[in-house]
Number of protein chains: 2
Amino acid sequence: MHRRFEEELEELRTKLLQMATLAEASVSNAMAALVEADAATAQRVIDGDREINQFEVEIDSFCIELLARRQPMAGDLRFIASAMKINNDLERIGDHGVNIAERTIELLKEPMIKPLIDLPKLSAIAREMVKNSLDGFVQHDVDLALTVCRRDDEVDHLNNQIIHELVSFMTRDSRVIVRALSLIMISKNLERVADLATNIAEEVIYILEARTIKHHHREEDVHRKEN
Amino acid sequence: MHRRFEEELEELRTKLLQMATLAEASVSNAMAALVEADAATAQRVIDGDREINQFEVEIDSFCIELLARRQPMAGDLRFIASAMKINNDLERIGDHGVNIAERTIELLKEPMIKPLIDLPKLSAIAREMVKNSLDGFVQHDVDLALTVCRRDDEVDHLNNQIIHELVSFMTRDSRVIVRALSLIMISKNLERVADLATNIAEEVIYILEARTIKHHHREEDVHRKEN
């Protein structure tokens, strides 16, 4: 492989990490805006979506350009194709941050119906899943990617618990229904962020296992040469 | 371009149409199960997701194989990369069908809280958007793809109307809260199907406009030769 191509693949990896940082910040700032009742921060998340969308297009074009110019085979081709998918998933994670920020601006117009404890917890798990899936990607760490996939049940459980509690608030006082519904929607957005992190982790496992298979084939070649 | 490669691109187009048919059927059958109170149909939608997932992997592998074997340039490369994204969006549409089917099975355990009129209407619009985006793709029809993007407001309006009505049901009778919430979630699923159809339509416009630009370049070449 050309040395220049190796540098370009490294550049792609760096760009995806930057994209992940932007997407994760979108969710994290939207949740901070909600918890701290800070509408200005929520508005900044909404305004920041433009940058994330532009960066997605930039990374996508970079991938297409690499495919066209380098005509990569097997492993590198699979890697670039997966990078395009991960890029797309990260953009969607950013969109969920925007959804949460929009709900937050609505919610802040009225008093909060309850202290938020489980939603920030769910947000922390979802964001850690995003981070770990990308770290697994960059550090070629299958085990880290696998830990992301295994947290799915934990997320479902916490999301169900949040919805259950909010439904009981709605049942007791019909005046909080609209606000409780907004919090349920935020919980669903966080659940989707976790789902997208799982998609990314599965993609990472797919690339790394393809690499492993390739690696085993090479070992077989070595054995064949030795015999 | 090799004749065989042309046939392979045609095969990819056909596969995506089949994938779209499966994804659309997932949503359409899930909604039929809800409207006709037919749990067996809902269960078949859930069981059918395996086939959709397998088909997604098959199409994805076919795209990677085409990229590796044909090393396509410019337009064909862009087309195959877009096909991979559309394939992914279609798989997610199938997932929303499954979500609706799962909610339906829960909902059918208790009496329906109201006759369903707007939800089937929203479902019809969302499915038509999926169909039109794919037809735009196959028939190289930018205008058809543009009509899909323009229906976004209509979908948002109908979704808001559905949520507004269900919230008023919840407010009047707390016993229907859980069921109304399930219907709201189904409405959100249908809204997401429409969003994914819009993603596909945008991808189609992107491919076709790249083609147009390429086409203009060719025309310029012709002019240059004539002068």
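Which hand does the crossing of α4(B) and α6(B) have? The crossing is left-handed; a crossing counts as left-handed if the near helix is turned anticlockwise from the far one by less than a right angle, and as right-handed if clockwise.

1. Basis of the note. This is a predicted model, in which local features need pLDDT of at least 70 and side-chain atom pairs count only at pLDDT 80 or more, while totals for chains, interfaces and linings use all residues. Residues are numbered from 1 along each chain as its sequence is written, and chains are lettered from A and ligands numbered from 1 in the order in which they are written.

2. Overall form of chain A. Chain A has 7 helices and 0 strands, in the order α-α-α-α-α-α-α along the sequence. Helices (H or I, at least four residues) and strands (E, at least two) are DSSP runs, numbered from the N terminus. The C-alpha trace of chain A spans about 75 × 35 × 20 Å along its principal axes. Among contacts in chain A with a separation of 6 or more, 82% join residues 24 or more positions apart; two residues are in contact if their C-beta atoms, placed from the backbone, lie within 7 Å.

3. Burial and core. Of the 227 residues of chain A, 40% count as buried. A residue is buried if 20 or more other C-beta atoms lie within 10 Å of its own, exposed if 12 or fewer, and partly exposed in between. The largest nonpolar core has 115 residues, and Ala126(A), Ala197(A), Ala126(B) and Ala197(B) have the most contacts inside it. Helix α7 (residues 177-226) of chain A gives the most to this core, with 16 residues. Such a core is a set of buried Ala, Val, Leu, Ile, Met, Phe, Trp, Tyr and Cys residues joined through C-beta atoms within 7 Å. Beyond its neighbours within four places in sequence, Ala197(A) touches Ala126(A), Met129(A), Val130(A), Ser133(A) and Val148(A).

4. Ser82(A). This residue lies in helix α3 of chain A and is buried, with 21 other C-beta atoms within 10 Å. Leaving aside neighbours within four places in sequence, Ser82(A) is in contact with Glu203(A), Tyr206(A) and Ile207(A). Ser82(A) and Glu203(A) are 121 residues apart in sequence, yet 6.4 Å apart in space, C-alpha to C-alpha.

5. Packing of α4(B) on α6(B). Helix α4(B) and helix α6 (residues 152-172) of chain B pack at an angle of about 160°, with their axes 10 Å apart. α4(B) is therefore roughly antiparallel to α6(B). Axes are lines fitted to C-alpha atoms, for helices over the stretch in contact, and angles run from 0 to 180 degrees between N-to-C directions; those under 35 degrees count as roughly parallel, over 145 as roughly antiparallel, 65 to 115 as roughly perpendicular and the rest as oblique. Residues of α4(B) in this contact include Leu122(B) and Ile125(B), and those of α6(B) include Leu158(B) and Ile162(B).

6. Contact between the chains. In the interface, 19 residues of chain A are in contact with 19 residues of chain B. On the chain A side, α2 (39-70), α3 (74-107), α6 (152-172) and α7 each supply at least two residues, and α3(A) gives the most, with 7 residues. By class, this side has 13 nonpolar, 4 polar and 2 charged residues. Here Ala, Val, Leu, Ile, Met, Phe, Trp, Tyr, Cys and Pro count as nonpolar, Asp, Glu, Lys and Arg as charged, and the others, Gly among them, as polar.
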